[in-house]
Amino acid sequence: VGAGMLDFALRRSHNIHIQALDVNKAARAQVKGQKPCVLWLTGLSGAGKSTIANLVEKKLHALGRHTYLLDGDNVRHGLNKDLGFTDVDRVENIRRIGEVARLMVDAGLIVITAFISPFRAERRMARELMAEGEFIEIFVDTPLDVAERRDTKGLYKKARQGELKHFTGVDSPYEVPEHAEIRVETVQLAPEAAADLIVLELARRGVIRTAG
């Protein structure tokens with residue numbers, strides 16, 4: 001080994017063990033008076049995920065709940081800025097988000113995520129990181145033609161013209177959830193009503209307590 005160089009293996013996971021901590025998820029959640037969970041909003045680009053997620057967080061915040069919103073575009077400006085939109089990169093994108101969400105749930109938070117997350121396998125991967133009942137999949141159900149008409153960013157147009165590759169709904173598939181806990185049909189529900197529906201469902205599931 002040369003001077004100033006460290007001699008160690010790059011992969012050392014077999015030497016790492018879980019450290020037991022005295023303050024656990026249950027203790028953190030008890031202080032916050034809520035059941036930690038992940039609200040996983042999935043749907044096409046332009047479906048309304050970010051808008052609805054933002055409204056849900058505002059409503060939960062007004063109720064005194066402790067939340068954090070992970071939005072697809074925002075995360076790609078930091079944690080996942082090294083990733084593109086190939087199938088492999090999409091899976092890694094969701095793997096990282098799932099791990100971050102798991103840590104936040106461990107902190108006792110209600111975590112709201114807004115990602116296309118087009119593949120069932122990657123959503124299942126995120127679900128399996130959580131304890132039973134902590135992963136609430138919310139399908140923001142918007143037909144492709146409606147999402148395309150709503151597209152203020154012009155992404156679908158660029159994808160149709162071949163300027164954007166691997167774009168979900170155009171040249172990359174979106175796999176519709178088969179067993180989502182909540183389904184929001186945005187053709188029938190305005191964003192505000194969709195957010196109300198989600199908050200009511202959280203109350204029904206005992207995640208939060210509402211007055212009355």
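1. T142 lies in the loop between β4 and α6 (144-150); helices (H or I, at least four residues) and strands (E, at least two) are DSSP runs, numbered from the N terminus. The model is predicted, so that local features need pLDDT of at least 70 and side-chain atom pairs count only at pLDDT 80 or more, whereas totals for chains, interfaces and linings use all residues. Residues are numbered from 1 along each chain as its sequence is written, and side-chain values use heavy atoms, with hydrogens and water left out.

2. T142 has a relative accessible area of 5% and is therefore buried (under 20% relative accessible area; exposed is over 50%, partly exposed in between; 1.4 Å probe, protein chains only).

3. The T142 side chain forms a polar contact with the side chain of T186 at 2.5 Å, and reaches the backbone oxygen of A47 at 3.1 Å. A polar contact is a pair of N or O atoms within 3.5 Å; within protein, one must be able to donate a hydrogen and the other to accept it, and residues adjacent in sequence count only if both atoms are side-chain atoms.

4. Leaving aside residues up to four places away in sequence, T142 touches L44, A47, A147, R150 and T186 (contact: heavy atoms within 4.5 Å).

5. In strand β4 (residues 135-141), seven of seven residues are buried. F135, E137, F139 and D141 point one way, and I136, I138 and V140 the other.

6. Strand β4 runs parallel to β1 (residues 37-42), with five bridges, and to β5 (residues 182-185), with four. Pairing requires at least two DSSP bridges between two strands. T42 has F139 of β4 as its bridge partner, and V140 has V184 of β5.
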